[in-house]
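User: I would like a close look at one part of this model, with the criteria spelled out.

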Amino acid sequence: MDKIMRILAPRSSFGMAARAVFFMAMIAVANVVFSFIYHEGKVHDRGYYVNHAIFVDAPFVIFFFVIMLYQMKLQKQLWKSACKDGLTGLNNRNTFLDLATRRQKTSTSGVLLLLDADRFKAITDIHGHQTGDNCLQAIAKTMQAVLRKGDVVGRIGGEEFAILLPGISLDQAKAIASRFTRPISFKSEVDQQTHWVTLSVGAVVTRPELSLHEMMAYADKGLYTAKANGRAQLVVWDELPQQPVTI
């Protein structure tokens with residue numbers, strides 16, 4: 001039913017007009033057939049059917065499409081509310097986990113990043129929560145500008161983000177991650193000045209034998225090390241010494 005509704009639903013004013021004309025024509029043909037059968041071969045003149053289509057059929061057809069468009073709009077809003085983070089517009093945690101799990105199954109290589117805003121609590125303590133929201137939105141905007149179409153990104157909680165970079169080498173992932181360890185500007189609601197935030201990043205090279213949960217645990221160890229080593233840097237779990245193969 002959803003597929004049928006998406007096919008029938010117009011995507012533009014022209015599409016709506018074309019569909020309305022088509023359905024009015026179909027109804028007019030049905031009227032002619034009904035009149036021919038019911039009145040034993042008697043058919044009204046052409047003007048009768050044209051006027052009937054315009055003044056009787058058209059209002060119902062247009063009303064049908066208006067209701068359909070409204071329903072499709074509501075459905076899209078509900079989907080967005082359920083799948084997207086309301087503040088940043090990125091995927092929420094559940095959506096990220098679902099998309100990343102499916103994407104991992106179709107990619108033989110890649111890198112998973114966990115990112116955390118440095119000293120975010122100090123930002124909200126000094127400049128307020130609205131400024132904190134500005135900061136998170138600036139981070140999300142930077143991610144959307146840097147990442148490729150096939151990458152999977154999400155806000156997985158608070159000031160923490162996750163990115164799956166499928167089909168990419170570690171060196172390429174490092175180049176991308178370096179964009180997030182540089183200062184990202186945002187505006188303070190307190191002093192109306194521009195401030196900057198950096199991200200600490202933990203990374204792990206994806207492996208088909210590892211689940212997404214396991215890879216996120218490894219990347220989190222890299223993130224913890226990046227924080228401990230001074231923040232605003234990338235640490236790759238695979239490059240840390242004496243790491244076990246499994247958790």
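Which residues line the second largest pocket? Please go on from there to the helices around it and to the other spaces in the model.

Analyst: This is a predicted model, in which local features need pLDDT of at least 70 and side-chain atom pairs count only at pLDDT 80 or more, while totals for chains, interfaces and linings use all residues. Residues are numbered from 1 along each chain as its sequence is written, and side-chain values use heavy atoms, with hydrogens and water left out.

The lining of the second largest pocket consists of Asp118, Arg119, Ala122, Ile123, Ile126, His127, Pro183, Phe186, His195, Trp196, Val197 and Thr198. A pocket here is an open set of points on a 1 Å grid over the protein atoms alone, reached by a 1.4 Å probe, with protein on both sides within 12 Å along at least five of seven lines; a lining residue has an atom within 4 Å of a point. The volume of this pocket is about 150 Å³, a volume being the space filled by probe spheres set on points that are joined across faces, edges and corners. Helix α5 (120–127) and strand β5 (194–197) each supply at least two of the lining residues, and α5 gives the largest share, four residues. Helices (H or I, at least four residues) and strands (E, at least two) are DSSP runs numbered from the N terminus. By class, the lining divides into seven nonpolar, three polar and two charged residues. Nonpolar means Ala, Val, Leu, Ile, Met, Phe, Trp, Tyr, Cys and Pro, charged means Asp, Glu, Lys and Arg, and the others, Gly among them, are polar.

Helix α5 also packs on α6, at an angle of about 140° and with the axes 7 Å apart. Axes are lines fitted to C-alpha atoms, for helices over the stretch in contact, and angles run from 0 to 180 degrees between N-to-C directions. That angle makes α5 oblique to α6; under 35 degrees counts as roughly parallel, over 145 as roughly antiparallel, 65 to 115 as roughly perpendicular, and the rest as oblique. Phe120, Ile123, Thr124 and His127 of α5 meet His129, Thr131, Gly132, Cys135 and Leu136 of α6, where contact means heavy atoms within 4.5 Å. This contact has four nonpolar, five polar and no charged residues. Ile123 and His127 belong both to the pocket lining and to the contact with α6.

Helix α6 (residues 129–146) packs in turn with α7 (residues 170–181), at about 155° and with axes 10 Å apart. The two are therefore roughly antiparallel. Thr142, Met143 and Val146 of α6 make the contact with Ile176, Arg179 and Phe180 of α7. Four of these residues are nonpolar, one is polar and one is charged.

Helix α6 also takes part in the largest pocket, where α6 and β2 (152–157) each supply at least two lining residues. About 200 Å³ of space lies in this pocket. Of its 13 lining residues, Asn91, Lys149, Asp151, Val152 and Val153 are the closest to its centre. Its lining has six nonpolar, three polar and four charged residues.

There is also one cavity of 30 Å³ or more, a cavity being a set of points where the probe fits but cannot get out. Gln104, Ser107, Ser109, Gly110, Leu164, Pro166 and Thr206 line the largest cavity, with two nonpolar, five polar and no charged residues.
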